[in-house]
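This note is meant to be read beside the model, one point at a time. Please keep the sequence at hand while reading.

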Amino acid sequence: MTGEPQDDCLFCKIVAGQIPATIVRETETTVAFRDINPQAPTHVLVIPKAHYRDGAALASGAPELAADVLRETQAVADEEKLDSYRIVFNTGTGAGQTVWHTHAHVLGGRGLEWPPG
C-alpha cells in the first residue's frame, strides 16, 4: 500500500536501518544519504520515510511530504556548501529510475551541462 514500508524496497530497508547507508541528514519525515555510485562530487539522495513509487505519486498522494523532501534538498545543498546544484527526480525506467521509492538526487560540486543525459 502507498505510504507503507515495502518488504522488497531497498530504500524502505535503509529507512528501517536494515541496510547501512552514509546518512548525512535525517528528519521526522525524510532521510538523506550519499549515493553509492556518485555522478558528481556531491551526490546525495533525499527520500521520504514513507514509501511512494515516484515523485508524481508522492506529489499527488502527500504534497506536504513532497515539500519536506524539497526542503531537505536545500538543507543538503547548504550543508555541502553548494552554490549551484541540480535536483533530479527520475520517473520510470526510461528516465533511469532503478529503485521504486521516490528519491531526489542532489548533484553538485562540478559543472552540470545542459541538456542532461
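The points below treat the sheet, a helix, a pocket and some backbone details.

1. Basis of the note. The model is predicted, so local features are given at pLDDT of at least 70 and side-chain atom pairs at pLDDT 80 or more, while totals for chains, interfaces and linings use all residues. Residues are numbered from 1 along each chain as its sequence is written, and side-chain values use heavy atoms, with hydrogens and water left out.

2. The sheet. An open sheet of 5 strands has the order β1-β2-β3-β5-β4, with antiparallel pairing. Its edge strands are β1 (23-26) and β4 (85-88), each of which pairs on one side only. From one strand to the next the twist averages 20°. Strands (E, at least two residues) and helices (H or I, at least four) are DSSP runs, numbered from the N terminus; two strands count as paired if DSSP finds at least two bridges between them. In general, strands of a sheet pair through backbone hydrogen bonds, either parallel or antiparallel.

3. The hairpin of β1 and β2. These two strands form a hairpin with 3 residues between them. Strand β2 covers residues 30-34, and its antiparallel pairing with β1 extends over 3 bridges. Across this pairing, Arg25 stands opposite Ala32, and Glu26 stands opposite Val31. Strand β2 is largely enclosed by the rest of the structure, because 4 of its 5 residues are buried. Here buried means under 20% relative accessible area, exposed means over 50%, and partly exposed lies in between (1.4 Å probe, protein chains only).

4. Strand β3 and its two neighbours. On one side, β3 is joined to β2 by 5 bridges, and the two run antiparallel. Arg34 stands opposite Val44 of β3, and the bridge partner of Ala32 in β3 is Val46. Strand β3 also pairs with β5 in the antiparallel sense, again over 5 bridges; there the partner of Val46 is Ala104.

5. Burial of β3. Why is β3 described as largely enclosed by the rest of the structure? The reason is that 7 of its 7 residues are buried. In a regular strand the side chains alternate between the two faces of the sheet. In β3, Thr42, Val44, Val46 and Pro48 point one way, His43, Leu45 and Ile47 point the other way, and all are buried.

6. Helix α3. This helix (residues 63-79) lies across β1, β2, β3 (42-48), β4 and β5 (104-108), running at about 155° to β3. Such angles run from 0 to 180 degrees between N-to-C directions, with axes fitted as lines to C-alpha atoms, for helices over the stretch in contact. Helix α3 has 17 residues and reaches 25 Å from its first C-alpha to its last, close to the 24 Å expected; the expected span is 1.5 Å times one less than the number of residues.

7. The buried residues of α3. Among them are Leu65, Val69, Glu72 and Val76. Their cover includes β1, β2, β3, α2 (55-61), β4 and β5. Ala77, which is found in α3, counts as buried because its relative accessibility is 0%. Not counting residues up to four places away in sequence, Ala77 touches Leu82 and Tyr85, where contact means heavy atoms within 4.5 Å.

8. The largest pocket. About 390 Å³ of space lies in this pocket. Of its 22 lining residues, the closest to the centre are Phe11, Asp35, Ile36, Leu45 and Val99. Helix α1 (10-15), β2 and β3 each supply at least two residues of the lining, and α1 gives the most, with 3 residues. A pocket is an open set of points on a 1 Å grid over the protein atoms alone, where a 1.4 Å probe fits, with protein on both sides within 12 Å along at least five of seven lines; lining residues have an atom within 4 Å of a point. The volume is the space filled by probe spheres set on the points, which are joined across faces, edges and corners.

9. Backbone details. Most residues other than glycine have a negative phi, and most peptide bonds are trans. Lys81, in the loop between α3 and β4, has a positive phi near 60°. Lys81 is exposed, with a relative accessible area of 73%. The peptide bond from Trp114 to Pro115 is cis, with omega near 5°, and Pro115 is found in the segment after β5.
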